[in-house]
Amino acid sequence: MMTNSSLTWEKSQAVSGTFTYLDSVDSTNSWLMQKDTVMPGEVVLTLNQTEGRGRWTRSWTNQPGDGIALSLVVPQLPGIHSKSPSSTWIPLLVGAVVVDAVRSLGLSDATLKWPNDVLVNGHKLAGVLCEVRTDGFVIAGIGINLKFSSHRPDECAVSLDETLEGANADLDLLVADVIQRLSR
């Protein structure tokens, strides 16, 4: 796995509307939800999310550097009027995008467990959480396990480091791939 010090996020910046890297944040989704204004294609990313969450207020926790947390602003879509996009196709689309990007790393057995889990060999590698802002924009949050430096957060969790069997994953390329695929 590429080390944090070697990451520049140049590819990700090049394909996003606005790209923000934060050394640490409570939640990338919360950060975008609390901004006064956002733009379609805006991305925020961290390797140290301290209060990540999943559906039904479940927590998504990693040690600093053990996971990527990124959130993207999806354009306003007609027909979304509620606070929750869970009844729309957006979480499925985002999950499918993450599956395709992970497969491009060589993990051909990556699958989507409806509606928001990305699995490799039946173990959870990534999760998706979508939320609707009051202005109608959807914030699509993605958490990806990179490694487990101390303990596995859940017995069903798996990391890129384990599944790629020591192969060197270009994390910037992975994130850029997710951004590009979702933009399409």
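Let's start at Ser12, which sits in helix H1, spanning residues 10-15, in what is a predicted model. Ser12 counts as buried because its relative accessibility is 0%, and the cut-off for that label is under 20%. Who surrounds this serine? Setting aside neighbours within four places in sequence, Ser12 makes contact with Phe19, Asp172, Val175, Ala176 and Ile179.

Now step back along the chain to Trp9. Not counting residues up to four places away in sequence, Trp9 touches Phe19, Tyr21, Leu45, Leu47, Ile68, Leu171, Asp172 and Val175. Trp9 is also one of the residues with the most contacts inside the largest nonpolar core, a set of 41 residues; Ile68, Val94, Ile142, Leu160 and Leu171 are the others named there. Two or more residues of this core come from each of these elements: strands S2 (42-46), S5 (67-74), S7 (117-120), S8 (123-132) and S9 (138-145), along with helices H3 (90-103) and H5 (171-183). Helix H3 gives the most, with 7 residues. In soluble globular proteins, nonpolar side chains tend to be buried together.

There is a second, separate core too: it has 8 residues, among them Leu32, Val38, Val73 and Phe137.

You will find Gln49 in the loop between S2 and strand S3 (52-53). Is Gln49 buried or exposed? Its relative accessibility is 14%, so Gln49 counts as buried. The side chain of Gln49 reaches the backbone nitrogen of Thr28 at 2.9 Å.

Terms used. Residues are numbered from 1 along each chain as its sequence is written. This is a predicted model: local features need pLDDT of at least 70, side-chain atom pairs count only at pLDDT 80 or more; totals for chains, interfaces and linings use all residues. Side-chain values use heavy atoms; hydrogens and water are left out. Helices (H or I, at least four residues) and strands (E, at least two) are DSSP runs, numbered from the N terminus. Buried means under 20% relative accessible area, exposed over 50%, partly exposed in between (1.4 Å probe, protein chains only). Contact means heavy atoms within 4.5 Å. A nonpolar core is a set of buried Ala, Val, Leu, Ile, Met, Phe, Trp, Tyr and Cys residues joined through side-chain atoms within 4.5 Å. A polar contact is a pair of N or O atoms within 3.5 Å; within protein, one must be able to donate a hydrogen and the other to accept it, and residues adjacent in sequence count only if both atoms are side-chain atoms.
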